[in-house]
Amino acid sequence: METHRKFHEPKLLLATANEAKIRELSHLLTPFGIEPVPASTLGVPEPDETGATFQENSLNKAIFYSKASGMPVLADDSGLCISALDGAPGIFSARWAGPERDYEKACARVQKELEGKDERSARFECALTLAWPDGHTEVFTGTVQGTIIEKAAGTNGFAYDPIFIPEGYSETFAQMGDNEKCIISHRAMALEYLIKNCLTE
């Protein structure tokens, strides 16, 4: 049976500059008495995402920030994978939004790429890496299946949330409240595995 390292530290650096991700992760971590610390407090630039998978990018970010801070780090890499586009945008989900992180533009590009296609199934994937300063890492993943709708709906959430309806639901992630999304999202699923294996005895 695989043994995971338990996390007992009071603070955890969140390796993301995305305020919405910070809010979502903080909401899920605070019940465990962990103080989330945004990576922006370090004043160091984000590392380039050179991995070929969400897991590789998440692992690279976690190790980078752990070395830079001397703190334990939680790093996320996630994105939207669309069946009819052979998995795109995938690990390039943020890049489709451009340097200004304009996700309205990214969602519009998705719709343009899907023009004339009947197949609109997609999935959100997330990889979370927990890294300690001594180099030990734990990686957990989560996936949620769903469908891309033709017209964006909802103002909550972030990124591609307004065009994605998770399987078994009738609303987009952006139409859901934070509490509901935090139960069923790909990030929540990955964090659930992390909590089960690293935060609970």
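In which sense do strand 1 (residues 11-14) and strand 3 (residues 73-82) pair, and over how many bridges? The two strands pair in the parallel sense over 2 bridges, and Leu-13 has Val-73 of strand 3 as its bridge partner. Pairing here requires that DSSP find at least two bridges between two strands. Helices (H or I, at least four residues) and strands (E, at least two) are DSSP runs numbered from the N terminus.

The model is predicted, so that local features need pLDDT of at least 70 and side-chain atom pairs count only at pLDDT 80 or more, while totals for chains, interfaces and linings use all residues. Residues are numbered from 1 along each chain as its sequence is written, and side-chain values use heavy atoms, with hydrogens and water left out.

Strand 3 is mostly covered, with 10 of its 10 residues buried; buried means under 20% relative accessible area, exposed over 50%, and partly exposed in between (1.4 Å probe, protein chains only). Val-73, Ala-75, Asp-77, Gly-79 and Cys-81 point one way from the strand. Leu-74, Asp-76, Ser-78, Leu-80 and Ile-82 point the other way, and all of these residues are buried.

Because 8 of its 11 residues are buried, helix 1 is largely enclosed by the rest of the structure. The buried residues are Ala-20, Lys-21, Ile-22, Glu-24, Leu-25, Ser-26, Leu-28 and Leu-29. They pack against strands 1, 2, 3 and 4, and against helix 4 (178-184) and helix 5.

Contact, meaning heavy atoms within 4.5 Å, is made by Lys-21, Glu-24, Leu-25, Leu-28 and Leu-29 of helix 1 and by Arg-187, Ala-188, Leu-191, Ile-195 and Leu-199 of helix 5. These residues divide into 7 nonpolar, no polar and 3 charged. In this classification Ala, Val, Leu, Ile, Met, Phe, Trp, Tyr, Cys and Pro count as nonpolar, Asp, Glu, Lys and Arg as charged, and the others, Gly among them, as polar.

The largest nonpolar core has 22 residues, and those with the most contacts inside it are Leu-29, Leu-74, Leu-191 and Leu-194. Such a core is a set of buried Ala, Val, Leu, Ile, Met, Phe, Trp, Tyr and Cys residues joined through side-chain atoms within 4.5 Å. Strand 1, helix 1, strand 4 and helix 5 each supply at least two residues of this core, and the largest share, 7 residues, comes from helix 5. Apart from this core lies another, of 20 residues, among them Ile-82, Val-110, Ile-148 and Phe-164. Leu-194 touches Leu-74, Leu-130, Phe-140 and Leu-199, not counting residues up to four places away in sequence.

The loops hold several backbone features. Between strand 3 and helix 3 (103-113) lies Pro-89, which a cis peptide bond joins to Ala-88, with omega of about -5 degrees. The loop between strand 3 and helix 3 also holds Asp-86, whose phi is positive, about 55 degrees, although Asp-86 is not a glycine. Asp-86 is exposed, with a relative accessible area of 78%.

In the loop between strand 5 (137-148) and strand 6 lies Ala-159, a residue other than glycine with a positive phi near 55 degrees. Gly-157 lies in the loop between strand 5 and strand 6 and is partly exposed, with a relative accessible area of 34%.
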